Amino acid sequence: MTTGTPTGTPTGTPTATPIAFTEAELAAIQFNVDGLVPAIVQEHRSGQVLMFAWMNADTLRETLETGRTVFWSRSRQERWRKGDTSGERQWIREARYDCDADVLLFVVEQEGAGACHTGNHSCFYRSFGDAGC
């Protein structure tokens, strides 16, 4: 089992809590032909789905070891840790994978205004049809 040391600041910033995992658990994850696995991010307190992104084996390991979400950008072909440029960091509280081991779920404490690059709290802020009905 791999674990790390929690980090944080005395100013009240949420604390990174590394997630314990085994090498067997990592080996069970089913990556697609591009070496990626979908990752859903859900807010700890509200249960709201905040965003969806992709991870590769390295970003999944880094996410679990550091307690902060790290993804793979398909358009830029590079890793990106959520919040490094925006300040909208995600602090992992739970990490799960589905029954087929081909989708990840991260339950996070969202720092800042939200997860979406548009400034919305969730990337899923639009509804089909008339949301007022």
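User: Leaving aside neighbours within four places in sequence, with which residues is phenylalanine 71 in contact?

Analyst: In this predicted model, phenylalanine 71 is in contact with Ala39, Val41, Met51, Ala53, Trp54, Met55, Thr59, Glu78, Arg79, Trp80, Lys82 and Gln90, once neighbours within four places in sequence are set aside. Contact here requires heavy atoms within 4.5 Å.

User: Why does phenylalanine 71 count as buried?

Analyst: The relative accessibility of phenylalanine 71 is 0%. Buried means under 20%, and phenylalanine 71 therefore counts as buried.

User: What makes phenylalanine 71 and tryptophan 80 an aromatic pair that is tilted?

Analyst: Two values are needed, since a pair of aromatic rings is described by the distance of the centres and the angle of the planes. For phenylalanine 71 and tryptophan 80 the distance is 5.0 Å centre to centre, and rings pair if their centres lie within 6.5 Å. The angle between the planes is 45°. Stacked requires under 30 degrees and edge-to-face over 60, so the pair of phenylalanine 71 and tryptophan 80 is tilted.

User: Why does tryptophan 80 count as partly exposed?

Analyst: Tryptophan 80 has 23% relative accessibility. Buried would need under 20% and exposed over 50%; tryptophan 80 therefore counts as partly exposed.

User: How many aromatic pairs does the structure hold?

Analyst: The structure holds two aromatic pairs. Besides phenylalanine 71 with tryptophan 80, phenylalanine 52 and tryptophan 54 form a pair.

User: Why is the pair of phenylalanine 52 and tryptophan 54 called edge-to-face?

Analyst: The ring centres of phenylalanine 52 and tryptophan 54 are 5.4 Å apart, against a limit of 6.5 Å for pairing. Their planes stand at 80°, and edge-to-face applies over 60 degrees. The pair is therefore edge-to-face.

User: Are phenylalanine 52 and tryptophan 54 buried or exposed, and what makes them so?

Analyst: Tryptophan 54 has 18% relative accessibility, so it counts as buried, the limit being under 20%. Phenylalanine 52 has a relative accessible area of 39% and is therefore partly exposed, as this class covers values in between the limits for buried and exposed.

User: Which residues have the most contacts inside the largest nonpolar core?

Analyst: They are Met51, Met55, Leu60, Leu64, Phe71, Leu104 and Phe106, in a core of 20 residues. Strands S1 (37–43), S2 and S6 (104–110) and helix H2 (57–66) each supply at least two residues of this core, and S2 provides the largest share, four residues. In soluble globular proteins, nonpolar side chains tend to be buried together.

User: Which residues lie nearest the centre of the largest pocket?

Analyst: Met51, Phe52, Ala53, Trp80 and His117 lie nearest its centre, among 17 lining residues. Strands S2 (49–55) and S3 (70–73) are the elements that give two or more residues to the lining, and S2 gives the most, with four residues. The lining has ten nonpolar, three polar and four charged residues, and the pocket volume is about 370 Å³.

User: What is the phi of glutamine 77, and what is that of alanine 101?

Analyst: Most residues other than glycine have a negative phi. Glutamine 77, however, has a positive phi near 55°, and alanine 101 has a positive phi of about 60°. Glutamine 77 is found in the loop between S3 and strand S4 (78–81), and alanine 101 lies in the loop between strand S5 (90–97) and S6.

User: Are glutamine 77 and alanine 101 buried or exposed, and why?

Analyst: Glutamine 77 has a relative accessible area of 53% and is therefore exposed, since exposed means over 50%. Alanine 101 has 8% relative accessibility, so it counts as buried, the limit being under 20%.

User: Why does arginine 74 count as exposed?

Analyst: Its relative accessibility is 52%; exposed means over 50%, so arginine 74 counts as exposed. Arginine 74 is in the loop between S3 and S4. Leaving aside neighbours within four places in sequence, arginine 74 is in contact with Leu36 and Trp54.

Note on methods: Residues numbered from 1 in each chain as written. Predicted model: local features only at pLDDT ≥ 70, side-chain atom pairs only at ≥ 80, totals over all residues. Heavy atoms only, no water. 1 Å grid on protein atoms, 1.4 Å probe; cavity = no way out; pocket = protein on both sides within 12 Å on 5 of 7 lines; lining within 4 Å. Points joined across faces, edges and corners; volume = space filled by probe spheres on them. Nonpolar A, V, L, I, M, F, W, Y, C, P; charged D, E, K, R; others polar. Core = buried A, V, L, I, M, F, W, Y, C linked by side-chain atoms within 4.5 Å. Buried < 20%, exposed > 50% of the residue type's maximum accessible area, 1.4 Å probe, protein only. Phe/Tyr/Trp six-rings, centres within 6.5 Å; stacked < 30°, edge-to-face > 60°.
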